[in-house]
Amino acid sequence: MATYVLVHGAWHHGDLMREVGDQIAAEGHVVHTPTVAGNRPGDRPDTCLDEAIASIVRYLNDEALSDVILVGHSYAGMIITGVADRVDAGVIRRLVYWNAFVPEDGEALNDLVPDYFTAMFDDMASSDGTVMMPFPIWREALTNDMTYEASLDAYEKLVPQPYRTFTDKISLTRPPAAFDIPKSYLNFTDDTGMPPSHPWHPRLSQKLGLFRLVQGPGSHEICFSNPGYAAQKIVRAGRD
């Protein structure tokens, strides 16, 4: 059995990964669902990307975890890439990018999305330094396999996202393709969070170099719509 650490995406927190985590744990695995700095109650709204990455490094150290399968959903691709570049050998057994961004040194999340997304987020950023996901995008692009009522219920559980985590450029000592860690890319094919001109796979997945591809039907927010199926695919992506 393995140890999984599920790192949530933007506007989420660790509790929103719990249902998927419980399904993985039911197979006998150990599962952790930490909340990234910036998304916890009371965190500063100007939390930067470096602090967000450091919070997961610190979590792994504080919990004395090793040989973990580190899973990053969406924005958390930025997080797990930074973590993998910072931790000692043996801490991470495999990286799993779940419809996630794959940055290289000097890239920000906003560099990896269409220009009109960046312009929209710039316009929407609040005076306190956070940005919120617009419900129409959440409904049409991210939860397109859910009923309206279920989509709205999930939306109401989201939290504001520190905008610096999107605009800060990541600092890496090497590209992800050079990591001496096995990598998987989990792609749910009904995910329209990125438009056809900027697909998750293969545009981002190919930056991993050698990787295992696991695919299946489902939206970007399959953690809400079908957590059992998401868990099955995560375990498949994480296996040796």
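**Stop 1: charged pairs**

Select Asp50 to begin: with a relative accessible area of 43%, Asp50 is partly exposed (the class between buried, under 20%, and exposed, over 50%, with a 1.4 Å probe and protein chains only). This is a predicted model, in which local features need pLDDT of at least 70 and side-chain atom pairs count only at pLDDT 80 or more, while totals for chains, interfaces and linings use all residues. Residues are numbered from 1 along each chain as its sequence is written, and side-chain values use heavy atoms, with hydrogens and water left out.

A salt bridge here is a side-chain nitrogen of Lys or Arg within 4 Å of a carboxyl oxygen of Asp or Glu. Arg86 lies in helix H3 and Asp50 in helix H2, so the pair ties together parts that are 36 residues apart in sequence. Helices (H or I, at least four residues) and strands (E, at least two) are DSSP runs, numbered from the N terminus. Arg86 is also partly exposed, at 34% relative accessible area.

Next, show Asp111 and Lys169, another salt bridge, at 2.8 Å from N to O. Asp111 sits in the loop between strand E4 (92–98) and helix H4 (115–124), and Lys169 in the loop between helix H7 (164–167) and E7, so this pair ties together parts 58 residues apart in sequence. Lys169 is exposed, with a relative accessible area of 53%, while Asp111 is partly exposed at 43%.

Between Asp46 and Arg44 the closest N and O atoms are 2.8 Å apart. Asp46 is partly exposed at 36% relative accessible area, and Arg44 is partly exposed at 41%. By the rule given above, the count comes to 12 salt bridges.

**Stop 2: a charge without a partner**

Select Glu221, in the loop between strand E8 (212–216) and helix H8 (222–225). Is Glu221 buried or exposed? Glu221 is buried yet has no salt bridge, and the nearest side chain of opposite charge, Lys157, is 11 Å away.

To see what surrounds Glu221, leave aside its neighbours within four places in sequence and show His12, His73, Trp138, Leu142, Thr143 and Met146, with which Glu221 is in contact (heavy atoms within 4.5 Å).

**Stop 3: helix H5 and its cover**

Colour helix H5 (residues 135–142), where Phe135, Trp138, Arg139, Ala141 and Leu142 are buried. The cover over these buried residues includes helix H6 (148–155) and H8.

H5 and H6 pack at an angle of about 130°, with axes 10 Å apart. Axes are lines fitted to C-alpha atoms, for helices over the stretch in contact, and angles run from 0 to 180 degrees between N-to-C directions. H5 and H6 are therefore oblique to each other (under 35 degrees counts as roughly parallel, over 145 as roughly antiparallel, 65 to 115 as roughly perpendicular and the rest as oblique). The contact is made by Phe135, Trp138 and Arg139 of H5 and Tyr148, Ser151, Leu152, Ala154 and Tyr155 of H6.

**Stop 4: H1 against H9**

Show helix H1 (residues 18–25) with helix H9 (residues 227–238): they pack at about 60°, their axes 8 Å apart. H1 and H9 are therefore oblique to each other too. On the H1 side, the contact is made by Glu19, Val20, Gln23 and Ile24; on the H9 side, by Pro227, Gly228, Ala230, Ala231, Ile234 and Val235.

**Stop 5: backbone exceptions**

Most residues other than glycine have a negative phi, and most peptide bonds are trans.

- Asp67: phi is near 55°, a positive value. Asp67 lies in the loop between helix H2 (49–62) and strand E3 (68–73) and is partly exposed at 39% relative accessible area.
- Ser74: phi is positive, about 60°. Ser74 is in the loop between E3 and helix H3 (76–86) and is buried, at 10%.
- His201 and Pro202: a cis peptide bond joins them, with omega about 10°. Pro202 is found in the loop between strand E7 (183–188) and E8.

Notes. Lys and Arg count as positive and Asp and Glu as negative; His and the chain ends are not counted.
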